[in-house]
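Open the model in your viewer and keep the selection panel at hand. The tour moves from one selection to the next.

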Amino acid sequence: MTRKGIVLEGVHFLNGDVACAEGAIAAGCRFFAGYPITPATEIAEHLAQRMPEVGGIYIQMEDEIASMAAVIGASYSGLKSMTATSGPGFSLMQENIGLAVMTEAPCVVVDVMRGGPSTGQPTMPSQQDVMQAKWGSHGDYEIVALAPCSVQEMFDLTVEAFNLSETYRVPTMVLADEIVAHMWEKVVIPPAEDIKTVNRKKPNAPPDEYLPFMPDDSLVPPMACFGEGFSFHATGLTHDEHGYPKTSSSEVQQQLVRRLCDKIRLNADRIIRVQEVMLEDADVVVVAYGIVARAALSAVRKAREEGIKAGLLRLVTLWPFPEVQVAKYAEQAEMMIVPEMNYGQLVREVQRAAKETPVRFLSKLGEEPHTPMEILESIRRRDQ
Amino acid sequence: MTESKQPETKGGGSETRIGVYVCHCGLNIAGSVDCEDVAKFAATLPGVVLAKDNRYTCSDQGQEIIKNDIREQKLNRVVVASCSPRLHEPTFRKACEEAGLNKYLFEMANIREHCSWVHLHDRVAATEKAKDLVSMAVAKVALLQPSEEIEVPITRKALIIGGGVAGIQAALDLADTGYKAYLVEKEPSIGGMMARIDKTFPTMDCSICILAPKMSDAGHHSGIELLSNSEVLEVKGYIGNFRVKVLKKPRYVKKDCSACGECSKVCPVIAPNEFDAGLAVRHAIYTPFAQAVPSTYIIDMNKCLNKDGVIVCDKCLKACEREAISFEMKPETLELDVGTIIVATGADTFDPTTIQRYKYGKYPNVITSLEFERLINAGGPSGGHLIRPSDMQIPASVAFVQCVGSRSDKDGRLYCSNVCCMNTIKDSLLIKEHWPETEVYVFYVDIRAYGKGFEDLYRRAKREGVKFVRGLPAEVVEDKKTNSLWLVGENTLQKELYKANVDMVVLSVGLEPRKDSEMIQRLLTLSRTQDGFFMEAHPKLRPVDAATGGIFFAGCAEAPKDIKDSVTQASAAAARAGILMAKGRVTVEAITPLFYAEKCKTCGLCTKVCPYNALTLNKDLKRVEVIEAACGGCGTCSAECPFGALTQNHFTDAQVLAQIDAVTANEPEKKIVAFCCNWCAYAGADFAGVSRMQYPPNVRVIRTMCSGRVSPKFVERAFARGAASVMVAGCHIGDCHYINANIQTQKRVERLWKKMEQLGLNKERLQLLWASAAEGERFASKVREMQTTLEKVTPEEIQMAKKTFEKALGEN
Amino acid sequence: MIEETTIQTSAHPFSKYLRSAMMPHIWCPGCGNGVILNCFVQALDELKLDLDKLVVVSGIGCIGRSAGYTNTNSFHTTHGRPIPFATGAKLANPELEVVVISGDGDLFAIGGNHFIHAARRNVGLKVICANNFNYGMTGGQQGPTTPLESSTPTSPYGSIEHPFNLVHLAAASGATYVARWTTVHVRNVTQSFKKLFQKKGFCFVEVITPCPELYGRYNKMRTGLEMMDWFKRASRIEHFSDPSKAEITSDRIVVGEFVDMDRLSYEKLLHEKIAQINEKALGKVK
Amino acid sequence: MPERLWRKPLDAEKVIKPKAEIHIFKDQCKECGYCISFCPMKVLEESDEINARGVHPPRVVDESKCIICGFCTSVCPDFAIFVTEKNSKEKPIQ
């Protein structure tokens with residue numbers, strides 16, 4: 001199925017969900033399984049219309065559990081696959097996200113965050129699923145999570161998410177919030193051939209020698225798919241490089257779990273992206289992500305006009321956590337400010353990385369995100 | 001709904017004018033009865049305006065006389081004293097009708113079968129009895145009422161039971177005439193005995209070659225529904241309207257079967273093939289023989305390894321390209337509505353092991369004629385090579401032993417099996433044809449070559465050198481070394497002993513009734529002759545009809561016969577059935593119950609005893625409704641009604657009582673009043689007559705359709721009138737022609753016995769007899785036995801009985 | 001031990017369909033799962049199926065191991081989720097023959113919702129359910145098919161729950177082929193398994209299988225043979241009879257084929273639509 | 001003619017019955033007894049030897065009785081038995 005022409009190009013005025021959906025198509029996603037939920041529904045709706053046009057598959061499953069399972073199935077049948085949801089659905093997906101981690105199924109999960117816990121505030125923005133994204137499923141594992149702060153990024157980071165999940169055979173999340181998802185902005189989409197897309201590594205060993213879970217130096221095993229002539233087994237049980245269950249062997253468990261984590265941890269510097277604004281001499285460093293980062297940016301600019309040496313460290317990658325970068329600016333800064341639309345989640349990671357440097361947390365719950373003034377206020381009161 | 005308001009008066013209103021005709025029947029009657037004397041006596045009876053005797057009343061002249069008298073003498077009642085009404089009642093009734101007299105105003109006195117033939121040597125007593133019989137008839141005829149018969153429609157479909165050559169022929173004839181025929185065969189294929197025989201006598205043409213085309217015609221005929229591997233379970237209803245239940249057993253192979261035989265090849269189970277008399281093997285899935293119809297294979301579940309739904313071996317399933325095999329097939333029960341039934345169930349061959357001296361089953365080289373047919377048959381296990389079982393060598397000498405199981409009171413059956421002589425002659429010639437050098441002996445009693453072309457064949461066999469020796473071997477001894485056999489016996493022509501040595505002995509086994517004929521008999525309420533074959537309604541005039549209306553016989557079911565006769569009879573049966581169905585309607589004899597509303601107490605007893613559920617109690621209208629079409633005419637309802645609200649037309653209480661009174665008019669203390677049912681007991685008494693069985697002349701038979709008609713008050717009336725003994729006789733329990741009406745007979749007689757005991761009467765004086773139409777001797781000996789008790793009955797006992805039952809005198 | 005059996009199974013006519021490294025299987029003596037696996041590979045053998053195009057998916061439970069045992073593309077999902085996984089796999093590549101082999105608990109308790117919806121959509125999956133009336137792997141607890149009154153560790157006083165009639169459920173949900181057999185009916189089971197590959201839509205075969213170690217032990221049938229004898233004694237083959245009357249009681253187990261019809265499969269409809277719309281879209285841009 | 005009167009069919013010998021070869025992998029047997037009790041020809045019986053699993057594998061009583069229906073092969077949950085026709089391709093790899 002040729003992508004030429006069918007994939008959107010040029011300058012468009014879109015909302016975040018639609019941009020995300022177009023990003024997925026641009027990245028080569030050809031399978032979407034989901035379940036309606038505010039505020040992620042528009043992604044499903046748009047893909048329901050667009051997928052067939054690009055020869056891709058859209059299916060609405062009976063629930064988010066099924067959606068996630070179907071995504072893994074499609075991924076193993078060789079298609080780039082995704083689902084999109086919000087908090088409650090994200091919770092239901094966790095067990096199978098764990099399965100995707102264990103069976104190293106490349107896939108993208110878009111979580112448009114809304115107020116929780118439970119059904120919470122379906123129509124209000126939040127950043128309350130940041131920790132669930134990392135720890136939501138049981139057991140030790142690593143995933144990748146990206147936080148777009150604009151409609152343009154809803155496009156770009158979705159493409160990015162697919163590339164990362166294909167590269168590292170890991171479920172990758174796009175942690176958007178209600179505002180980036182629903183606001184309308186200009187989006188510039190480069191010609192298809194200029195968009196960098198990555199496909200999973202294929203085995204070059206002959207079928208009878210192929211070991212489905214034997215990694216190369218990158219710690220990522222090449223991936224054969226169903227119907228490609230490699231008859232292999234994959235399981236959610238602890239398994240050896242054949243994919244055969246070894247449920248009582250300690251060293252197989254150690255090898256497997258370590259590798260699943262290390263393939264992300266050891267490649268962190270290749271994965272992590274942050275935006276550094278006026279940080280060279282900053283002694284007040286605001287650490288923000290998602291929509292909040294945009295308020296933070298103008299707050300930092302105003303502070304500079306007032307002569308305050310303020311800077312912004314915007315986290316594009318939330319997981320793996322940009323520890324090095326945070327630590328580096330914590331060194332030079334007198335203090336750090338972390339505004340989040342939750343009651344204290346990523347701030348804990350920042351504090352851990354900032355060591356002695358004091359970290360001030362600005363919380364917002366169930367209302368519009370921080371205004372530049374609110375953040376500026378906090379910057380001004382830097383010595384207290 | 002028949003109903004007579006006015007109490008029965010004499011005749012149709014005007015004064016009664018009875019004509020009596022006493023028949024000499026050549027010397028059959030006149031030989032031991034003084035017919036003129038009887039006629040003179042008759043003239044003196046009340047209501048009789050003329051009485052004549054003539055040589056053959058049934059002859060055209062005889063009938064003409066009656067017709068003229070009816071017209072000229074204004075007769076309104078007719079009595080003929082001659083043979084059994086079972087023989088000529090229809091003849092005379094017809095004559096009356098032609099003369100404009102309602103046929104229900106005719107009555108017969110049976111002075112031949114029940115009198116002259118059974119008292120050949122006592123002219124006086126026979127004549128006296130004849131007078132009694134005539135006066136009984138006159139007494140009854142005076143009370144007879146003109147009646148109209150009602151008509152019921154006939155289903156234009158026929159059921160043929162048995163798919164041998166007779167059944168096939170009958171089915172084809174009926175179907176060609178345009179009637180739907182259901183051909184039910186219990187074996188997997190039609191063809192029967194004829195399909196197994198190699199050649200047919202006397203023409204010597206190939207049996208299967210002439211049968212196979214008929215078989216496939218029957219298989220493909222649009223008018224024939226072939227139900228193979230099926231059995232008749234139940235038959236309900238009556239002539240023209242039978243409802244039949246047929247069990248269609250599963251073949252486990254669907255019609256899609258192309259008979260390619262691949263399944264059989266792979267089937268691991270083998271069993272002896274019934275068709276080859278067990279001489280060849282077949283598999284658990286098989287077809288009995290190449291020309292089988294239907295050709296669809298069948299699985300023998302007794303042999304197949306796949307029991308109760310679990311498929312252990314699936315070789316045939318895998319081998320069948322058409323996927324025609326289904327182990328899940330279940331038996332079906334079909335319900336068929338037919339108007340006529342043809343019984344063509346055939347015969348079994350005699351089991352020779354019962355005659356020890358022939359050592360069948362002990363010596364390998366003693367075989368039966370049926371086994372011989374398979375051996376000499378090109379399609380048989382030996383490919384037509386006559387080999388002897390012990391060493392598979394062609395025998396140099398063969399002996400046929402005749403009458404194995406036939407014509408013997410010690411070994412097997414009394415009758416001649418009819419086909420064995422010619423069959424043996426044919427077989428002997430077959431041997432001579434293939435292996436002229438072979439020595440062939442036939443040990444016989446008589447050679448019966450009575451049929452067309454039979455004698456020629458017999459002569460030819462003699463010409464060809466077949467040695468016929470009169471006298472059956474007394475024993476068969478085996479030579480242990482050679483397995484050849486010594487036959488020792490007496491040549492009754494030369495009056496000398498013989499001792500013959502042969503390589504093989506063929507026992508010419510006779511035919512006997514099917515093991516299951518009793519079952520068929522009960523299903524269809526048929527009668528069987530002493531030898532066990534089904535009994536025809538009349539040996540001369542209705543040779544293919546059963547006594548039960550709408551049922552006919554074809555082939556060996558009725559008696560042993562050869563192929564030609566079977567086919568002839570089959571076509572005859574088909575024609576008889578066809579006649580019924582062509583009419584499309586059948587008249588029900590006007591012997592259904594008459595109902596007197598004013599006497600009915602709506603107790604409902606009658607509805608309980610009716611075997612046909614033809615009576616329904618209408619409590620609101622305080623009446624009983626009679627469905628004539630459903631009524632079988634047994635009259636047991638009339639016997640049951642304590643209030644005389646029901647009485648059987650043409651056998652009314654008044655009429656029967658009048659007969660009783662006539663019997664007991666004089667010297668009742670010397671007489672036995674016998675009530676006999678039309679189908680078994682009366683016919684049995686007829687049979688005793690036909691067989692000239694002699695018995696005491698004191699019995700007077702009153703005919704009712706069923707013993708169930710005999711109401712207790714009849715018996716009481718007889719005793720009240722001073723009769724010495726009473727006999728109530730009917731069909732054996734289970735053989736009742738009215739389903740089970742004779743159960744009521746038994747109950748009533750038992751009640752009477754109890755009553756007699758309580759009242760201190762000798763219950764010996766009332767006898768209950770079950771006698772089939774074939775059991776003439778049983779009837780005769782019962783009369784003899786009763787005669788001895790009768791002689792012991794004292795005048796006091798007679799008086800006592802008279803007093804006890806005098807209430808019965810008021811009855812009528 | 002493993003080594004030795006490895007050599008031996010390689011001699012068995014069906015050994016090429018089994019992952020020798022995984023043999024011998026974990027199932028108890030008398031467990032019917034082995035019979036079902038046996039029938040399944042026999043069906044593959046008789047059909048000479050292209051194993052590269054075959055995917056066997058299973059869920060959690062004793063029978064869940066069978067995916068790993070069949071020497072083909074196989075996936076062992078989370079508890080209750082083989083059907084949605086298989087749905088994704090089948091839609092993404094309709095060329096694949098996707099078979100789900102799982103237990104009654106996995107498919108009808110935790111996974112019940114997925115079953116009825118896949119049947120409703122008529123996704124071309126072949127679902128084989130080993131029904132052993134209990135949760136074998138966790139120690140014989142009662143499940144969605146446990147017969148009324150029978151006792152299990154979690155229904156020590158006799159189950160008071162009404163079991164699902166699986167063939168009725170499947171038929172009502174829209175399955176295009178529905179059959180039930182027991183493990184004594186190995187020929188019929190194999191036949192039905194072969195049938196699965198001739199059908200296009202959602203197909204379901206229930207195989208009632210003995211669990212002597214647990215269900216049997218708690219219900220007075222200590223050996224597999226006793227349970228097999230029960231199946232043999234009680235089974236009544238009633239093809240295409242009313243599924244709602246297909247009962248399972250101590251003296252009557254109604255087995256046979258209940259549904260066999262044709263309905264356009266979900267993937268066929270889906271891919272036809274996709275092809276059509278894709279073409280239009282391509283046309284538009286040219 | 002009633003069945004009891006039949007003699008041994010003349011061609012009884014002529015029917016050639018394929019010779020069976022029964023292969024048992026003793027150590028794989030878990031002694032469920034299915035092959036023994038479901039064999040229609042009762043070809044198998046429990047042996048007294050003890051296998052690697054500590055149970056009694058089946059033993060062939062009379063191979064000549066086997067009709068190669070292959071039910072034992074199909075009903076064995078442990079792939080521990082199969083039957084071939086003597087001198088046919090399907091040979092066990094020793």
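Select H233(A) and S74(C): H233(A) stands opposite S74(C), which belongs to β2(C). Now widen to the strands (DSSP E runs of at least two residues; helices are H or I runs of at least four, and both are numbered from the N terminus). β10 of chain A, residues 233–235, pairs with β2(C) in the parallel sense over three bridges; pairing needs at least two DSSP bridges.

This is a predicted model: local features need pLDDT of at least 70 and side-chain atom pairs 80 or more, while totals for chains, interfaces and linings use all residues. Residues are numbered from 1 along each chain as its sequence is written, with chains lettered from A and ligands numbered from 1 in the order written.

Next, show the whole A–C interface. 38 residues of chain C are in contact with 42 residues of chain A (contact: C-beta atoms, placed from the backbone, within 7 Å). On the chain C side, β2 (73–76), α4 (82–92), α6 (112–121) and α11 (266–285) each give two or more residues.

Move to chain B. Select α6(B), residues 165–177, and α7(B), residues 207–220: their axes come within 10 Å and cross at roughly 50°. Axes are lines fitted to C-alpha atoms over the stretch in contact, and angles run from 0 to 180 degrees between N-to-C directions. Show the side chains: the contact includes I168(B) and L172(B) of α6(B), and L211(B) and M215(B) of α7(B).

Last, select domain 3 (251–329) and domain 4 (351–511) of chain B; the bounds come from an automatic or database assignment. Their centres, over C-alpha atoms, are 36 Å apart. Six residues of domain 3 are in contact with seven of domain 4.

Notes. Two residues are in contact if their C-beta atoms, placed from the backbone, lie within 7 Å.
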